[in-house]
Each structure stands twice: as C-alpha cells, then as structure tokens.
Amino acid sequence: MHLALSAEQTLIQDTARRYAESELAPVAARIEDPAQRALYLRNLRGLAELGFMGLNVDGAYGGTAAGTIAFSVAMTEIGRACAATAVSMSVNNLVCEVIQSIGNQAQKERYIPRICSGEYATGAFCLSEAGAGSDPSRMRTRATRMADGWLLNGTKMWITSAEYAGVYVVWAVTDPTRAPGKGISCFLVEAGTPGLCIGPAEAKLGQRGSSTNPVIFDECRVPADALLGHENDGFRIAVAELTGGRIGVGSLALGIGSAALDVARRYVCEREQFGQKIADFQGIQWMLADAYTEREAARLLLMQAAWNKDHGEPFAKAASMAKLYATEWANRACYTALQLMGGVGYTQAYPLERYARDARVTSIYEGTSEIQRVIIARELLRELA
Amino acid sequence: MNFDLPAELAAYLTELDDFIAREIKPLEAHNDNIRFFDHRREHARTDWDHGGVPRADWEALLAETRRRADAAGHYRYAFPKAYGGRDGTNLGMAVIREHLAAKGLGLHCDLQNEHAIVANNIGLLLMLEYGSAEQKARWVERLATGEGFIAFGITEPDHGSDATHMETTAVRTANGWRINGEKTWNTGIHTAPADLIFARTAGQAGDGDGITAFLVPTDARGFKVEEMLWTFNMPTDHGRISLTDVEVPDSAVFGGEGRGLMVVQHFFNENRIRQAASSLGAAQYCINEAVAYARERKPFGKPLASNQGIQFPLVELHTQCEMLRALVHKTAWMMDTYGAFSVSDKVSMCNLWANRLCCEAADRAMQVHGGMGYSRHKPFEHIYRHHRRYRITEGTEEIQLRRVAGYLFGFMKQRAPKGVVE
C-alpha cells in the first residue's frame, strides 16, 4: 500500500497547477465568448508545450509517458482552472491513446506526434450520432469499400473540438449485415478531406470555450490505409478506449468541484451575518465537512482506477465507479458551494456560476451516470458468473 | 378545499385519549406489566425456549386490553354498524393509527403484534367482503372480538415478491380439494385456528387468475408448522408451514375459485395505508422525543438544541412528516370516496415513504439521544427494528416502487391490479 504520488507525478501536478493558475484561470471567463477563440487555442498550445496532450503516450511518439495517475492529477489541476480547456486535453489524450493502442506504425508516427506537439490543436473522437448516444452500436454512418479506399457517409454529433481538430477518429458501419456492434470499423480522417463538413457549433450550458459540433461525412473518400485497427473490430475498440476517457472526465470533474468548494470555503470565513462569521454556524461547517469528505472519496476512486490501468489490471469497473461518483459529486459540490455563497455566488462576480454550469455535462458525456451504473452492475454480475 | 379533520373524528381522538388514560394506562402500570414496554421488553415478551414465540402472559395482557377496548366500544371502530362497529373509514383509520403510534410504546398500540385498542382487523374486513354465509356465521363474531384470528399464507420459501409464481397447488377430489405445498412468513400461526392458504388451481405460473384461497384449519391432517423464523425483532409470530395432502371441503374456498389474488390485493391495499399511517405516527413520535431531549440536554453548558447540526436533520424529518401526512390523508380519503383500488399507486407511495421515514427518524432519535438512544431504556431501537420489517413485509420497497412505476409508465391498470376484476 502506497498512497503518495511519486516525485515525477508531483512535479507534473505542480506544473499543471502553476500553469492553470497563472495562464488559464485569468482567461477562463473570457474564452466563453466564441470571439476569443484565439485565446483558447493559445491555452491548448501551452498544454502541448508542457507535454500534457500525450501524458500516457510513449516518448517515441512525442508523448510524456508519465502514466495514468499523472494524467489524472494533471487533468484535475487544469479542470480546476478552466474546464473548457481541460476537456480538449482529455479528448486529445484519448485520441493519442486510441491510435497508440491499435494503429499501425505509419499511423502512430504520422498522427500522435502532431497532437502531442500542438501542430494539430486537437484530435476529435467521432462516435456519437443523433440516434446513437448511449447505444453507439446502433450508429448509421456508413463506410463503403471502394477500389482505392473507403467512402464515408453520415452525421456524427457532439464532437468536441471539431472546428479546430487536425485529425478525426471516426466510427462507421462497414458490414450492415452483422448484428449491431459487430460490423463497425474505425477510421482516421484528416482535416480538409473533401466531403468532411463541420456543422454549426452547439449553444451550450457550460464548457462554452470548447466547440461542440456535428460532423458530416458527405461522400467523403479516404484511402485504404485510413482504416484504424481491424475491419469490423471498431466497436470493441471504442468501448475499451472510452474506459480510459472516463478517468479523464472524472478527474476533470474533481477539479471543477474542488474549485467551487474552495471559493465557497474562503467566502464563509469572511462573510458575517447575525454578528458572526457564517463559518461559525454548525450548519455551514457540516456542509463543508460532508462535501470535502466526499471529495476525498472521489479522488481515491480515481486514483484506484488510474493505478489499475497503469498496472495492467482490469479497470472498467473502477473507472466507471470513479467517473460516476466524481461527476455526480462535482454537481453536488457546486450546488453546496452556491448555497454557501448565497446570492453573490449566483452572479458572475465569482467564477462559481461558471463552475456550476461547467460541471453539469460531466455526468452526461463519456457515458452518462446511468450508463456507468449499467457497466458497474454488469461487471459485478460477471464476477460471479 | 378543507384540511380540517372531520369534527366527529377529532372528537373521537379525544374520546380515545380519555379511554387510554382511564383504562389502559392503569393496566400497563399494574402488576409490573410495564416490563413489556421498558428495557426488559424483548425478554418479557419472548418465550425463548418454545420457538421464540410471544409468551402466554404477554398475549393474555394484549387480549385483556382488547376486551376492555371492545367493551368500551372502540375495538370495532372500523367495522360495519351491523357488527357492532362504527362504520369507520380509511381516513378515520389512518388518522387513528397515526395518533396511537405517535404516543410511543404502550398497551394502547403495539405494532409488533398488530395490536391496538382500535383494531386493524383486516381478517374480518376480508371475511365480510369475501366470506360465504357459512364462513361468516362461523367466523365473524370471533374475529370481531379479537378472540379468533386467521393467519395469511401466501408467501413461499421460493416465491416472495413473485407470489403469482407460487408452487402450492390444490386439485379437485371427489369431496373437495387436496392441497400440497409450503408457505412461509405466516404471521400469527403459533395460535391461529385457521390459515388462509393461497394455492394455484388453474392457469400458469405468473397468471393473476387461477389462484384460489382456502380457509384451512391448522389442525387439519397434513398441516404442519415446520419452524418459527427468528427475526430482527423478537418474539416471532412468523412461521414456515407445510401442507402434505391436506384435504379440505369445497366450502373452504374463500372469495371464489381462481379469484384468490383479488383477496390478496384487497388485503394489501387496506393494510398498506394503515401501516403507512402507523409508521408516520411512530416517526413523529421519534422526532418529538428527540426535540424534547435536545432542549433538555446541555453538553458544553448549552442546550444540545442550539446546535444547527442537531436542528437541521430533525427539521428535514419533520418536514417529510408533514408532507407524508398530507399524502396519507388524501390517499385514505380517495379510497373512501372512490374505492379501495382507486389509488393503488398512492397507497404504495405512502407505504414506501412512511416506512423509510420511520427508520430514519428512529435512527436520528438514537443519534440525538447518544448512548441512551442506543440503550433499551429508550424505545427507539425497538421502533427501528419493528419498522425495518415494514420496509420488507406487505410488499418490499422495491415492489412498491414497481407498482408505482407500473401505473406511471402504463404497464398496470390503476383500478385493476393483477387479479382484480373492475
């Protein structure tokens, strides 16, 4: 049993915290305005320079090879300052890891260094569709084999960073005669490929600095070597890789909730009502005690999942538990923090209202809380089978 | 819209309080009878060496209480006037059950035994509704006085929530029926002269129709009490029984051949709302006691009640009691106005919430009282243990949720739960 971070992990955490506090937090409110896109892309370049876009990626491809625990603690620090920036970091790491895990040598050498270095502002992960969210096996996007490659047709939804991605990992049905999920393959599509169209950005409750768009494939031709992994094996890959993404999103949520509580904790120590600091009311104290206790539980669940992944242990159940708990906790923490701060917390005078908006999607994307429960229950029952 | 209790009901509560003060409290104080309620209660009530069933002196005291309540004209409140009752309503019963339970432990109301000075005599109500002329002649008076009791045998070792999958069967013989099977959690079986046994007589496992209820004498050949099931809260009056080639005449059929599930549903609907009202009363009692204690107790030189950490959880519980009271009253009123099966979903909502709430209130009362709360010198551990049972019996919480979901999502028909004919 050893619960302390290593020297390297601590260094990465400190580096992330310093960058987040000095560069990200000051602009986090401004980048909510889409007109400030340049500022947002500057954030992403900064993260790439720090080596944060491939934290769990081999050094041979420009990654940092620091492991999942380092990835998790860095995500939390970045998420604490700016969730909209952190979500791109999470997706980039996910895309790099997918390519590293199933790509051929040429694909790894071509794409991973470009994402890690910041040459590509981001990668994109194109799985969801309008009619295939929690159940991606029912996707409709088709890839038809041609003499010299593949022809893609269909529309993907909720694609993070679609407007400025350099490469898109795209899932499409290659054999519609097979059962759902059994005839899906995965492709790498480069930005600028004819027939690849980016739809208008969604107007969202939170994480507004990050662009979320439909991505339309309209007679989009890609070469034969765009196939990532084996034909008809794509769905299994998506499911496996999303598991790692869940640690990222859980860590991100941990950062948002922590930021919210820290603001509120400082506030209750200053605010006076009824002739005393409101922190002297037991009702207030116990809200803080509960919220910070649950925070530690969320953090340890994330550490457990990350440790399992780094040590080659099964981690699907642990990752889902951590994602479920951390993201639901983040929402509760924002609710509690708003309650602690009263009316002023509800205004834009403090970053809390943004944290509350940013937290909400974490229990929806990368698998809703309900889907996490489905996975957890399935694993629990499988253990006995 | 008027939220006042009906004037005659409010007046009746006062009448009951007078009766309790005059005739029940003295009996409780007499001859160390308080041993059945103070810290010695579990030991005083339990015949540990005979299956853990209630001791004879305890049941005799309950019987004497019932006799006094009947003589004073209270015991039969819920029954029709023709049978010496007062035509009591579901609303009246709910209000009375809550009122009695809110007084805490005592001879006026002992939920562990389904005992109260105002009877929750579902057996009699079912007899009046479904009994044949011959069955009524035999049973009504005995049930009305509380001297006779019919146990209820639906659950089986392998079939609890899925009662319609029961394996007990009854087949026709030349003279009547032959029953084979096993039943468990038959409450009151240690003394009951008869057990209402539900057996499949037609149809398939899972069907609502084809289950028939039989009034089976517990001394019938082939009827055996196998064991009493020891529970969280002792004594136990819950037994597991077996039926081996038990022969009963055709006249033992209760409520019509193949129509047994309707009897069950009726039983559950009426019982669940009363159980909910009792749990609500007990919850309120726990809150009231905790509030009083918090005002008295002065750790660190100031009343415990001045801590918000003490106040707020009790406020949450008290708020839930207020909300639940409104729902219980409304639901009981609707049952009276539109029929027992008109609001099955709301009955389930009341039941689900009330039983949980009581457990939470008892738990909180223990916490506020500290070490004394945990001791048997306070009643909360007993209340917790009893009401914990209610979260399982008369349909588990999950079954209540399933029923509400059934109506909410359109899988079930409100006026026609499984086996009930509109």
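Visitor: How many residues of chain A and of chain B are in contact?

Guide: Four residues of chain A meet four residues of chain B. Keep in mind that this is a predicted model.

Visitor: Which classes make up the side of chain A that touches chain B?

Guide: Two residues there are nonpolar and two are polar, with no charged residues.

Visitor: Now to a single chain. Into which domains is chain B divided?

Guide: Domain 1 spans 7-129, domain 2 spans 150-258 and domain 3 spans 261-408.

Visitor: How far apart do the C-alpha centres of domain 1 and domain 3 of chain B lie?

Guide: They are 20 Å apart. Domain 1 of chain B puts 23 residues into the contact, and domain 3 of chain B puts in 26.

Visitor: Which elements give two or more residues to the domain 1 side of chain B that touches domain 3?

Guide: Look for α4 (90-101) and α5 (122-130) of chain B. The most comes from α4(B), with nine residues. By class, this side of domain 1 of chain B has 11 nonpolar, seven polar and five charged residues.

Visitor: Why is α5(B) called largely enclosed?

Guide: To judge a residue, count its neighbours: with 20 or more other C-beta atoms within 10 Å of its own, a residue is buried. In α5(B), seven of the nine residues are buried, so the rest of the structure largely encloses this helix. Among them are B:I122, B:G123 and B:Y130.

Visitor: What covers the buried residues of α5(B)?

Guide: The cover includes α6 (133-145), β5 (150-153), β12 (253-254) and α7 (260-296) of chain B.

How values were computed:
Residues numbered from 1 in each chain as written. Chains lettered and ligands numbered in written order. Predicted model: local features only at pLDDT ≥ 70, side-chain atom pairs only at ≥ 80, totals over all residues. Domains from an automatic or database assignment. Contact = placed C-beta atoms within 7 Å. Helix = DSSP H or I, 4+ residues; strand = E, 2+ residues; numbered from the N terminus. Nonpolar A, V, L, I, M, F, W, Y, C, P; charged D, E, K, R; others polar. Buried ≥ 20, exposed ≤ 12 C-beta atoms within 10 Å, placed from the backbone.
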